[in-house]
Amino acid sequence: MIRYLKQYKLLLFLTVLFTAISSLSYVFIAILLQQVMDIVDMGDIDGFIRILLFSLAYFALMGVFMYLQSFFSKKFICKIMKAVRSKTFMGIEKHTIEDYAKNHTADYLSAITNDVKMIEDNFLLPLLQVIQYTIIFIASLAVMIYFDIIVTVCVIIAIAIMLIVPSLFGGLLSKRQDKYSDMLSVFTNHVKDLLSGFEVIKSYRMKNYVLSRFEASNEDTIKAKYSVDKAIAANEAVSMVLALLVQVVVVFLSAYFIIIGRISAGALLGMVQVSSNLANPLLIIFSNIPKIKSIKPIAQKLNQLSDYEKQDASTKKSPTFNDAICVENLHFSYDKENEVIGGISLSIEKGKKYAFVGKSGCGKSTLIKLIAGYYSDFTGNVLYDADSLSILDIDKITALSSIIHQNVYMFDESIFDNICLHEDYSEKELQSALSDSGLSSFIKQVPNGLEYHVGENGANLSGGQKQRIAVARALIRKKPLLILDEGTSAIDMQTAYDIESRLLAISDLTLLTITHNMSKDILELYDEIIFMAEGKIVEHGTFEALIAKHAAFYDFYQLKK
Ligand SMILES: Nc1ncnc2c1ncn2[C@@H]1O[C@H](COP(=O)(O)OP(=O)(O)OP(=O)(O)O)[C@@H](O)[C@H]1O
């Protein structure tokens, strides 16, 4: 967190400056009270009017300083919150697809929302309070010495006892705070999961299950919060009792000193006033210090996200795809136990078209993702021209290809924005992408054409319309490699045929299609059909060659037909 404080050091300085001025003027009220009491004691009416006018001006000025303190502290907190949130988001955005998938989306959501809020509540606000009340405490101690040194010494002894106890709460609170943050993350995850499946919940009447799952998660989260609050409450109660002890010492000792004639009644009034500025600030300081300490694991979590760097990206080469992508004896598993890809070798030549077919779960999508650079934890080799994936910049590899998945993600914006993704393309490029993706006639039908708003994740569109937008999104970028992962499965046969045959006609485009569509007319257009089973390539060749072979693909094709 120190780096954020350094980033806004001028604002921090102004906040501390005005905090100091308003705190000192607050402490000075004790001397003012003592003066008033002593003037009243002497019956000095001129002195009384003078001090009254002085006090009026004094309080007006104090109001101005308090406003400035509040203004700068709020601005400081807002700036830091914005910076923490932005840095965390930028760090998340830098993740590779592989690293991003190691956590749930809700964990990232929770970090940006809940954890950042915790930084405000348990670090920034307490820190400013600690600064403010430390100034008040030191100034009050000085005023106390000015009133009477013996009372001050006794107060210091009482304070020393006060210091020991609350420091014991720091470690406990830190542990509980960390657990609470994790629980918030799990809770956000559950809520996101339940709300994302709203339609399934309604149509399958899952109300009871959903409510009980929500309640259980809600209960666990509140328990974790309650456990934090209990530690805070114990800390505050102990601190409060000890703070009262200080005031008791002051009142009785100074009362005794009046009796023996050592101090005036004005000094008693001043000391009672200033002693509350000794006890209460310490109470606040010592209930805030454990909070500040407890934020460490959360700050570490946020730093880890914001400091994320791809491994040695600067030393990695940019990939090229001029001739071929070669896969050599590739093995891969998601969980280090069950092999999903079991020794695949294959060559993808630039400009050629490949159809990957095989039973559901045989590893087609995984193979394609490995080729596109999604995962690095494999054995064997994937070469772009002559360069192995291990020496290439992963971000640039993923940028070489466009993947169209069965479930296309749509931003809650217009069709135009979902195709161009806020990049500039010429009208010619746009029209060509619209026509090749079979979108032109649909655009003419919808109310605002390209400006039509697609809704949350494309809720205002059909599955096929979403896929056509995804095809246009990919085509407009003219990347050398296009991957259709069942990317036309939601489109009617005729339109799917039209789109695929247009893609197959683009000569410099390398097309990898995963398909369950066993239409002869389409399959015949591919240069090669790669037939997979259980993580291996069983057969490959043209449609005619594989049919003529009367082997595994032939059987699969007959069955599907
Ligand atoms: N992210 C993942 N984590 C763990 N296992 C996964 C993951 N993705 C896929 N798998 C598993 O890997 C295996 C291969 O899945 P993959 O999606 O590659 O198959 P597929 O041939 O494309 O299937 P389909 O035709 O149904 O899309 C399956 O057993 C699947 O359960």
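1. Phe553 counts as buried because it has 24 C-beta neighbours inside 10 Å, where a residue is called buried if 20 or more other C-beta atoms lie within 10 Å of its own, exposed if 12 or fewer, and partly exposed in between, with C-beta atoms placed from the backbone. Phe553 is found in helix α21 (residues 552-560), and helices (H or I, at least four residues) and strands (E, at least two) are here DSSP runs, numbered from the N terminus. Its C-alpha atom is separated by 33 Å from that of Thr320, a residue 233 positions away along the chain.

2. On provenance, this is a predicted model, in which local features need pLDDT of at least 70 and side-chain atom pairs count only at pLDDT 80 or more, while totals for chains, interfaces and linings use all residues. Residues are numbered from 1 along each chain as its sequence is written.

3. As to confidence, the chain averages a pLDDT of 86, and 96% of the residues score at least 70; pLDDT is the predictor's confidence in each residue, from 0 to 100. Among the elements of the chain, the lowest mean pLDDT, 68, belongs to helix α8 (residues 198-203), and the highest, 95, to strand β9 (residues 528-533). For the complex, the predictor gives an ipTM of 0.97 and a pTM of 0.72.

4. The chain is divided into domain 1 (84-306) and domain 2 (324-560), with bounds that come from an automatic or database domain assignment. The C-alpha centres of domain 1 and domain 2 lie 52 Å apart.

5. An open sheet of six strands runs in the order β6-β7-β8-β3-β9-β10, with mixed pairing, two strands being paired if DSSP finds at least two bridges between them. Strands β6 and β10 (536-541) stand at the edges with a single partner strand each, so one side of each is left without a neighbour in the sheet. Neighbouring strands of this sheet are turned by 15 degrees against each other on average, direction ignored; the axes are lines fitted to C-alpha atoms, for helices over the stretch in contact, and angles run from 0 to 180 degrees between N-to-C directions.

6. Strand β6 (residues 401-404) pairs with β7 in the parallel sense over four bridges, and Ile403 stands opposite Ile483. The pairing of β7 with strand β8 (residues 510-514) is also parallel, over five bridges, and there Ile483 stands opposite Leu512. Strand β3 (residues 353-358) in turn pairs with β8 in the parallel sense over four bridges, with Leu511 as the bridge partner of Lys353.

7. A second open sheet has four strands in the order β2-β1-β4-β5, with antiparallel pairing. Its edges are β2 (339-349) and β5 (387-388), each with a single partner strand, so one side of each is left without a neighbour in the sheet. Strand β4 (residues 379-384) and β5 are joined over two bridges in the antiparallel sense, and the bridge partner of Tyr384 in β5 is Asp387.

8. The ligand is surrounded by Tyr334, Val340, Gly358, Ser360, Gly361, Cys362, Gly363, Lys364, Ser365 and Thr366. Helix α12 (residues 364-371) contributes the largest share of this shell, three residues. By class, the shell has three nonpolar, six polar and one charged residues; Ala, Val, Leu, Ile, Met, Phe, Trp, Tyr, Cys and Pro count as nonpolar, Asp, Glu, Lys and Arg as charged, and the others, Gly among them, as polar.

Terms used. Near = placed C-beta within 6 Å.
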